[in-house]
Amino acid sequence: MNYTEKVMDHFINPRNVGKLETYNAIGEVGNASCGDIIKLYILINSENVIEDISFQTFGCGAAIATSSMTTEMVKGKHIDEALNVTKDQVAEELGGLPANKMHCSNLAADALHKAIADYKAQNGIK
């Protein structure tokens, strides 16, 4: 399997790993066919900006790399801007993923969207 240098870097040296001590929303997704599970913790401030974000991922190297990259892409962004992040954009930022890894390994954008939906629901934001 051919992974880009960027994928390997985010797999070997993932950013923002673990559970945040202080967070106000969680997004969790999984893929039954491959077993990948991603849990994303976010801390959103009063201006709806992602102040901090972290992840816990059980899965392959691509799942870990996409989780890491997603956190890097949205930290400091307004939630509306973060909601525009797609699986394809995450893969592009990593220099691409093998075709057979796109469907199951790039769940991080879905976890992000779920976490933001969780925050909005808790705070009555439409």
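Visitor: Which of the 32 residues in the largest nonpolar core touch the most other members?

Guide: They are I42, I50, I53, V74, L112 and I116. The model is a predicted one, in which local features need pLDDT of at least 70, side-chain atom pairs count only at pLDDT 80 or more, and totals for chains, interfaces and linings use all residues. Residues are numbered from 1 along each chain as its sequence is written, and side-chain values use heavy atoms, with hydrogens and water left out.

Visitor: What makes a set of residues a nonpolar core?

Guide: The term stands for a set of buried Ala, Val, Leu, Ile, Met, Phe, Trp, Tyr and Cys residues joined through side-chain atoms within 4.5 Å. In soluble globular proteins, nonpolar side chains tend to be buried together.

Visitor: What does I50 touch?

Guide: Leaving aside residues up to four places away in sequence, I50 touches L43, I44, V74, K75, G76, K77, I79, A82, L112 and I116. Contact means heavy atoms within 4.5 Å.

Visitor: Why is N16 counted as buried?

Guide: Buried means under 20% relative accessible area, exposed means over 50%, and partly exposed lies in between, with a 1.4 Å probe and protein chains only. N16 has 18% relative accessibility, and therefore counts as buried. N16 lies in the loop between α1 (5-12) and β1 (25-30), and its phi is near 60°, a positive value in a residue other than glycine.

Visitor: How do you know whether N48 is buried or exposed?

Guide: The relative accessible area of N48 is 18%, so N48 is buried. N48 is found in the loop between β2 (37-44) and β3 (50-58), and its phi, near 65°, is a positive value in a residue other than glycine.

Visitor: What joins β2 to β3?

Guide: Two strands pair if DSSP finds at least two bridges between them. Eight bridges join β2 to β3, which run antiparallel, so these strands count as a pair. I38 has T57 in β3 as its bridge partner.

Visitor: What is the order of the strands in the open sheet?

Guide: The order of its three strands is β1-β2-β3, with antiparallel pairing. β1 and β3 stand at the edges, each with a single partner strand, so one side of each is left without a neighbour in the sheet.

Visitor: How do you know that the span of α6 agrees with its 16 residues?

Guide: The expected span of a helix is 1.5 Å times one less than its number of residues. For the 16 residues of α6 this should come to 22 Å, and the end C-alpha atoms are 23 Å apart, which agrees. The buried residues of α6 pack against β1, β2, β3, α2, α3 and α4; among them are A108, L112, I116 and Y119.

Key:
Helices (H or I, at least four residues) and strands (E, at least two) are DSSP runs, numbered from the N terminus.
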